[in-house]
Amino acid sequence: MDKKLRVTGGIFGLTAVIIGAFGAHGLEKVLDASAIATFETGVKYQMYHALLLLLIPVFALSEKTKKIVWVLLLLGILFFSGSIYGLATNELTSFDFTKIALITPIGGTLLIVSWLLIVIHFIKSK
């Protein structure tokens, strides 16, 4: 499980840098400042949670808890950051991402629950 956490964290970190660079250099001329700021929020949250994925193997969590947190973070990042990328660039695509905007708070809730599980573990640990 630790290897899966590290690889997933590395992939999300790598893609956060690539997506962030694309946003900063490829979208600055085609999106307004508000849409760029929204896009950057998605990148920040992806990177924060990529770093968390890299740290989880250091925590003394059970394998079951690690797997649950991994799934929550994986889906949370995809739903939260992924939908934010779509919403921020909505005017550039033929798909209307506002139709699936409810995915954003679902993703955010999954990220919150993953943090909550980690905090509960820390409180219970000796």
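Modeller: Gladly! Let us begin with helix 2, where the buried residues are Ala35, Ile36, Phe39, Gly42, Val43, Gln46, His49, Ala50, Leu52 and Leu53. Keep in mind that this is a predicted model.

Biologist: What covers the buried residues of helix 2?

Modeller: The cover includes helix 1, helix 3 and helix 4.

Biologist: What span should helix 2 have, and how far apart are its end C-alpha atoms?

Modeller: With 23 residues at 1.5 Å a residue, helix 2 should span 33 Å, and its end C-alpha atoms are 33 Å apart, so the two values agree. At the start of this helix, a side-chain oxygen of aspartate 32 comes to within 3.2 Å of the backbone nitrogen of serine 34.

Biologist: Now the interior, please. How should I read a nonpolar core?

Modeller: The general idea is that nonpolar side chains tend to be buried together in soluble globular proteins. Here the largest nonpolar core has 16 residues, and Leu52, Leu53, Ile56, Phe59, Leu73 and Ile118 are those that touch the most other members. Two or more residues come from each of helix 1 (2–26), helix 2 (33–55), helix 3 (63–88) and helix 4 (103–124).

Biologist: Which helix gives the most to this core?

Modeller: Helix 3 does, with six residues. Apart from this core lies another, of nine residues, which include Ala16, Leu31, Ile36 and Tyr85.

Biologist: Let us turn to charges. How many salt bridges does the structure hold?

Modeller: First the general idea: side chains of opposite charge can pair when their charged atoms come close. This structure holds three salt bridges. In one of them, the side chains of lysine 66 and aspartate 2 meet at 2.7 Å, N to O. That pair links distant parts of the chain, since lysine 66 is in helix 3 and aspartate 2 in helix 1, 64 residues apart.

Biologist: How do the two partners compare with the cut-off for burial?

Modeller: Buried means under 20% relative accessible area. Lysine 66, at 5%, is therefore buried, whereas aspartate 2, at 23%, counts as partly exposed.

Biologist: What does lysine 66 meet in a salt bridge at 3.7 Å, N to O?

Modeller: That partner is glutamate 63. Glutamate 63 is partly exposed, at 46% relative accessibility. Through shared partners, salt bridges join Asp2, Glu63 and Lys66 into one network.

Biologist: Which residue forms a salt bridge with lysine 29?

Modeller: Glutamate 28 does, with the closest N and O atoms 3.9 Å apart. Lysine 29 is exposed, at 76% relative accessibility, while glutamate 28, at 45%, is partly exposed.

Note on methods:
Residues are numbered from 1 along each chain as its sequence is written. This is a predicted model: local features need pLDDT of at least 70, side-chain atom pairs count only at pLDDT 80 or more; totals for chains, interfaces and linings use all residues. Side-chain values use heavy atoms; hydrogens and water are left out. A nonpolar core is a set of buried Ala, Val, Leu, Ile, Met, Phe, Trp, Tyr and Cys residues joined through side-chain atoms within 4.5 Å. Buried means under 20% relative accessible area, exposed over 50%, partly exposed in between (1.4 Å probe, protein chains only). Helices (H or I, at least four residues) and strands (E, at least two) are DSSP runs, numbered from the N terminus. A salt bridge is a side-chain nitrogen of Lys or Arg within 4 Å of a carboxyl oxygen of Asp or Glu. The expected span of a helix is 1.5 Å times one less than its number of residues. Contact means heavy atoms within 4.5 Å. A polar contact is a pair of N or O atoms within 3.5 Å; within protein, one must be able to donate a hydrogen and the other to accept it, and residues adjacent in sequence count only if both atoms are side-chain atoms.
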